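This briefing is intended for a reader who is new to the structure shown below. It begins with the protein as a whole and then turns to selected parts.

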Amino acid sequence: SLLLALSLLSPWGSAAGSCPPRCVCASNLLSCSQANLSTVPTPLPRFTAVLDLSHNNVTRLRADWAPARLPHLHALLLSHNGLAFVSTEAFAHVPRLRHLDLSSNRLRTLDENLFSDLGELEVLLLYNNEISTVDRTAFENLGRLRKLYLGQNRIARFPLELLREGTRLPQLALLDLSANRLRAVPAGELQALPAWLRDRLYLHNNPLACDCLLFQLLDRGRRRHLSAVEDFQDELRCFLPGATALVKILELAGKPPLNCSKAREAVLEAHLGDSVTLGCDSRWQGVRSRHWVTPGGERVLGDGGNGSVVLLANGSLQLRALRPEDAGTYSCWVAGPLLNETLYVELLVHNFTLHGPHDTLNTAYTTLVGCILSVVLVLIYLYLTPCRCCCCRGTEKPPAPRDDSINSSVLSTTPNHAGGTGEPCGSHVASGAGTGQNGRFKGGGTPPVPARPGPKAQRKVSDPDSVSSVFSDTPIVV
């Protein structure tokens, strides 16, 4: 009866929550990995939070694989299944899913609105499939997606404009497009991506076409020690015009036929409300054309920009009445007679209006005030510290008899005070003071203790610099 009661209390004890055959269940975790399953087992417990169906033979994920709603499911693992079809309604009953692993399968397309029901999805793994087509609306409604892995597929073109708009995947911070079939990645689209995504965009092991703009973007990432560039320098390769072998992109500097020049970058600091001018000091004479790209991806052409952003005749970019959103990396694209060049200017906009000279004066004033206060506190400590003995001008009272215990004279450096009534002080400073070791005060005339009868009458008063000075090297202010 006890075992029956325990089984009824367990979540797996009821019929609706029984563990499916060939699966292992622990709390709200359901593992059916390597169980030689061809379909998703049913019924699935309603409280399942993690469902592992990896390494099976589930080749089709239909809309009815989860006939009942699974409100607590946040991780679904379907890797290594030979999965070739996923219904567009397959995730209607798992709206709380945050981690979806569809890697190492046989998916070929990402259809329209395939993941639109997963509004809370954060990590999507699609690497090592056969994906060649990505629909523009496949990632619709994925407002919380942070990591998207599409490496080792057959993608020839990925719609980067979806990321540039910032509406479909506003929180995406990592995009893996490595080991695909990308031949051209427009540098303008890459530059227009948000900085946090541009710095974690993996493009290695793609047959890219060699381009100086792409080289300069990657070279800038290498100087900034970005892992997406620095860790995969040998795998970042491209095709030169008329060549059949791949060359390393980061070795194109100054080599024919492109003769790419390295990107130069400057850092400029300003304050809110200021007007600054970003220079585009290209080394080429006879520049054919030049334009700027703002951190938001807006192109500023030769005819000038809006009222706050103006392209000057000498190619410089003038920014007026700076705002916090004006901070970021500005790039100047120059078309020269021999090759193109890109210059970068990092603009830092400080969130206060005080300028350098005011800041220096303010710092000096603060330091001076601090020094004056420190001197005043030291003088107060030295001359205004109350002394209990200075106010004692009455009849001298003999000191209390010393105890025979060495703890009284050695371990305690404070004098024993008698508990007399009406006495403001219990002891007096001895006369005949002199200078002791290390310049410390040393009492030169310690009053003798009155003789007492008995064997202890010959005990002398201990020298203040003898045993007690060993235990305390700090002068005591009474």
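What percentage of the 478 residues of the protein count as buried? The model is a predicted one, and in it 36% of the 478 residues count as buried. The protein contains 9 helices and 26 strands. The points below are grouped by topic.

**The protein as a whole**

- The accessible surface of the protein amounts to about 27,300 Å², and carbon and sulfur atoms contribute 55% of that surface.
- Among contacts in the protein with a separation of 6 or more, 60% are between residues 24 or more positions apart.

- The side chain of asparagine 56 reaches the backbone oxygen of serine 54, at 3.1 Å.
- When neighbours within four places in sequence are left aside, asparagine 56 is in contact with Cys32, Ser33, Gln34, Ala35, Asn36, Leu37, His80 and Asn81.

**The open sheet of β18, β22 and β21**

- An open sheet is formed by 3 strands, in the order β18-β22-β21, with antiparallel pairing.
- The edges of this sheet are β18 (276–278) and β21 (309–311); each has a single partner strand, so one side of each is left without a neighbour in the sheet.
- From one strand to the next, the twist averages 20 degrees.
- Strand β22 (residues 317–319) pairs with β18 over 3 bridges in the antiparallel sense.
- Within this pairing, threonine 277 stands opposite glutamine 318, a residue of β22.

**Strands β19 and β23**

- Strand β23 spans residues 328–335, and 8 of its 8 residues are buried, so the strand is largely enclosed by the rest of the structure.
- Strand β19 (residues 289–293) runs antiparallel to β23, and 5 bridges join the two.
- Tryptophan 292 stands opposite cysteine 332, which belongs to β23.

Definitions and conventions. Residues numbered from 1 in each chain as written. Predicted model: local features only at pLDDT ≥ 70, side-chain atom pairs only at ≥ 80, totals over all residues. Heavy atoms only, no water. Polar contact = N/O pair within 3.5 Å; in protein donor to acceptor, adjacent residues only side chain to side chain. Contact = heavy atoms within 4.5 Å. Buried < 20%, exposed > 50% of the residue type's maximum accessible area, 1.4 Å probe, protein only. Helix = DSSP H or I, 4+ residues; strand = E, 2+ residues; numbered from the N terminus. Pairing = 2+ DSSP bridges. Axes fitted to C-alpha atoms, helices over the stretch in contact; angles between N-to-C directions. Areas by Shrake-Rupley, 256 points an atom, 1.4 Å probe, with all protein chains shown as cover.
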